Amino acid sequence: MIELSVETRHTSEMVEITELVKEAAIKTGVKSGLVAVFTPHTTASIVLFENVDPKLRRDFLEALGRVAPADLDYHHQGENAAAHIKSSLCGVRVVVPMQNAQLMLGEWQGIFLCEFDGPRERKVIVQVIG
Ligand code: ZN
């Protein structure tokens, strides 16, 4: 198991971590298996997303903002209810097959950490199940 640290810079953003995950997976020494990527937070997520057009990331964050707007009258005391809701909707893990030390991602797929309550230092855990 490898623990990564990812620094976010904005309240809300998507940070591509595909290369970090690939390096971590290779470091484990397991060449083929399932790569589990998990973040132990309740206001961030791990997703697979299209990794070519950065404008699409903006569209995704704006769409989530329409599902859980920041300015609703939430019951939660912490002022970050919208971030908790987005995190649960998007999930905190992905699993990607690995073959001969290559992540079997599709041509347009990247692994992203979604920040919903930043900027912060986020933990990402990578474990390869061989
Ligand atoms: Zn909270």
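Where do glutamate 62 and arginine 58 lie, and how many residues apart? I found both in helix α2, 4 residues apart, about one turn of the helix. Helices here are DSSP runs (H or I, at least four residues), numbered from the N terminus.

**Ground rules.** I am working on a predicted model, where local features need pLDDT of at least 70 and side-chain atom pairs count only at pLDDT 80 or more, while totals for chains, interfaces and linings use all residues. Residues are numbered from 1 along each chain as its sequence is written, and side-chain values use heavy atoms, with hydrogens and water left out.

**Salt bridges.** I searched the whole structure and got 4 salt bridges. The criterion is a side-chain nitrogen of Lys or Arg within 4 Å of a carboxyl oxygen of Asp or Glu. Glutamate 62 and arginine 58 form one of them, with the closest N and O atoms 3.5 Å apart. I then checked accessibility (buried is under 20% relative accessible area, exposed over 50%, partly exposed in between; 1.4 Å probe, protein chains only). Arginine 58 is exposed at 57%. Glutamate 62 is partly exposed at 38%.

Next I looked at helix α1 (residues 18-27), which holds both glutamate 19 and lysine 22, 3 residues apart, about one turn of the helix. Their salt bridge has its closest N and O atoms 3.3 Å apart. Glutamate 19 is partly exposed at 48%, and lysine 22 is partly exposed at 25%.

I also noted aspartate 117 with arginine 120, a salt bridge at 2.8 Å, N to O. Arginine 120 is partly exposed, at 36%.

**Zinc site.** Which residues coordinate the zinc ion? I read off His76 (NE2), Asn80 (OD1) and His84 (NE2), at 2.0 to 2.2 Å. Donors are N, O and S atoms within 2.8 Å of the metal (3.2 Å for Na, K and Ca); water is not among the atoms, so sites may look incomplete. The spacing of the donors along the chain is H-x3-N-x3-H. Histidine 76 is partly exposed at 41%. Histidine 84 is partly exposed at 24%.

**Helix pair.** I compared helix α2 (residues 54-67) with helix α3 (residues 81-90): their axes come within 10 Å and cross at roughly 115°. Axes are lines fitted to C-alpha atoms, for helices over the stretch in contact, and angles run from 0 to 180 degrees between N-to-C directions. From α2, the contact uses Phe60, Leu64, Gly65 and Val67; from α3, Lys86, Leu89 and Cys90. Contact means heavy atoms within 4.5 Å.

How values were computed: Helices (H or I, at least four residues) and strands (E, at least two) are DSSP runs, numbered from the N terminus.
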